[in-house]
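Please look over the sequence and the model below before reading on.

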Amino acid sequence: SREFLRSLEETYSAEFAKQEIEGEFIALEGLVYDEFSREKHVVAFKGREWKEVIAGVDWGYTNPAVILVICFDSDLRAHVVDEFYERRKLINQIKEKAEEFSETYNISTFYCDPSEPQNIKELKLVGLKAKQADNAVLPGIQMVKSLLQVRDDGLPGLLIHPRCSSTIMEFENYSYPQEKDGRPIKEEPIKMFDHAMDALRYALYTH
């Protein structure tokens with residue numbers, strides 16, 4: 001209805017409205033990770049020997065539940081090699097995927113959203129090493145931003161495999177609230193496109 005459309009126009013910033021209402025493909029202003037680009041950070045790496053493998057977990061049901069598999073190479077560069085990003089999955093289904101990832105990648109630790117301690121206990125019951133993550137938002141964001149920087153060898157400290165399409169999508173949409181003129185208000189990010197971003201932050205910052 002026109003009333004609903006008007007309510008969206010009043011709520012969304014100018015650039016976000018172009019994307020969400022008009023369906024344009026744009027680069028949002030006020031992006032949290034404005035360092036991220038597909039050219040620099042999306043790489044199909046193969047045949048690597050990993051020094052260590054961890055995972056980040058963000059619980060969800062109506063919103064997607066997320067598991068990100070993160071591998072460290074000998075240079076301590078982080079590679080997001082696989083993702084589970086699904087809505088309407090119960091804890092048993094999430095647990096099964098965590099077990100599958102653990103077997104495939106030999107994951108040492110699952111760093112989990114601390115808001116659901118019972119879910120963490122469920123992972124532990126099947127023999128997975130799961131622990132509550134540090135949920136400090138702004139320090140965690142700064143950690144991820146530092147890893148996105150290009151190092152002296154020409155590669156950033158954080159790379160994403162192309163198969164992790166939902167993680168890439170969130171990098172390109174995770175943003176701060178904006179005033180109506182488009183100027184970003186750099187407080188905590190909007191609670192949208194943040195599920196993979198939270199899982200990534202849990203794992204990297206806590207580890």
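## A residue, its sheet and a helix pair

V66 has its place in strand β2 (residues 65-72), where strands (E, at least two residues) and helices (H or I, at least four) are DSSP runs numbered from the N terminus. The model is predicted, so local features need pLDDT of at least 70 and side-chain atom pairs count only at pLDDT 80 or more, while totals for chains, interfaces and linings use all residues. Residues are numbered from 1 along each chain as its sequence is written, and side-chain values use heavy atoms, with hydrogens and water left out.

V66 is buried, with a relative accessible area of 1%; buried means under 20% relative accessible area, exposed over 50%, and partly exposed in between, with a 1.4 Å probe and protein chains only. Leaving aside residues up to four places away in sequence, V66 touches G56, V57, D58, F84, Y85, H195, A196 and A199, where contact means heavy atoms within 4.5 Å. From V66 to I94 the C-alpha distance is 8.5 Å, although 28 residues separate them in sequence.

Strand β1 (residues 52-58) is mostly covered, since six of its seven residues are buried. β1 and β2 form a hairpin with six residues between them. The table sets out the two pairings of β1, where two strands pair if DSSP finds at least two bridges between them.

| Pair | Sense | Bridges | One bridge |
|---|---|---|---|
| β1 and β2 | antiparallel | seven bridges | E52 with F72 |
| β1 and β4 (residues 109-112) | parallel | four bridges | V57 with C112 |

These strands belong to an open sheet of six strands, in the order β5-β4-β1-β2-β3-β6, with mixed pairing. β5 (130-132) and β6 (158-160) stand at the edges and each has a single partner strand, so one side of each is left without a neighbour in the sheet. On average, neighbouring strands of this sheet are turned by 25° against each other, direction ignored.

How do helices α6 and α8 cross, and how far apart are their axes? The axes of α6 (residues 137-148) and α8 (residues 195-206) come within 9 Å and cross at roughly 85°; axes are lines fitted to C-alpha atoms, for helices over the stretch in contact, and angles run from 0 to 180 degrees between N-to-C directions. The two helices are therefore roughly perpendicular to each other, a term for angles of 65 to 115 degrees, whereas under 35 counts as roughly parallel, over 145 as roughly antiparallel and the rest as oblique. V137, P139, G140, I141, M143, V144 and L147 of α6 make the contact with L200, R201, L204 and Y205 of α8.
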